[in-house]
Amino acid sequence: MTGGEQGLEVETIMFWLPPRNPLRVLEIGCGTAEGLGQLLESGRVLEFVGVDLDETAIEEARARWPQATFLCADAARLPASFVGRFDVVLLRRPDLLAQPQRWREVFDRLPVWLRPGGRAIV
C-alpha cells in the first residue's frame, strides 16, 4: 500500500469514528500499525491497543509507537479486561477466506469489547 492509499484509509477511518472524545481503540490484525501516527496525532485517541498473531510485526509496532499497547495474541481469546472497554474496534484487511472460523469467532466477540454506542470499523 502506498503512502497516499494509507492516508486515504486513515481519513476514512477518521470519518467513521464515534463523535465522543477521547476514544479507546482496539485494532485486530494490526500488523506493524501502519497509519497509526495519523490517528494518534488527531488528539482523539486516549488509548490504542493493537493485536496480531505475528510477533515480528508486533515488535516493530512496539518500537515505532511506544505510547500504544501491542499484544501478540489470538483476538478471539482476549482477556476479560477487554469487555466493554473500547469505543472503536478496527479490523483492516481481515483474511476472511483464509481463516473463516477464526474470523467468525472474532466477529462474534465484537459486541463484547465495545462500549455502548461503540463502532466496529471493517
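A contact here means heavy atoms within 4.5 Å. By that criterion, residues 24 or more positions apart account for 66% of the contacts in the protein with a separation of 6 or more.

The structure is a predicted model, in which local features need pLDDT of at least 70, side-chain atom pairs count only at pLDDT 80 or more, and totals for chains, interfaces and linings use all residues. Residues are numbered from 1 along each chain as its sequence is written, and side-chain values use heavy atoms, with hydrogens and water left out.

The protein contains 4 helices and 5 strands, where helices (H or I, at least four residues) and strands (E, at least two) are DSSP runs numbered from the N terminus. Along the sequence their pattern reads α-β-α-β-α-β-β-α-β. The radius of gyration, taken over C-alpha atoms, is 14 Å, close to the 14 Å that the globule rule (2.2 Å times the number of residues to the power 0.38) gives for 122 residues, so the protein is as compact as a globular protein of that length.

Strands S2 and S3 run parallel and are joined by 4 bridges; two strands pair if DSSP finds at least two bridges between them. The bridge partner of Asp-52 in S3 is Cys-72.

| Element | Residues |
|---|---|
| Strand S2 | residues 45–52 |
| Strand S3 | residues 69–72 |

Buried residues (under 20% relative accessible area, 1.4 Å probe, protein chains only) make up 43% of the 122 residues.

How values were computed:
Buried < 20%, exposed > 50% of the residue type's maximum accessible area, 1.4 Å probe, protein only.
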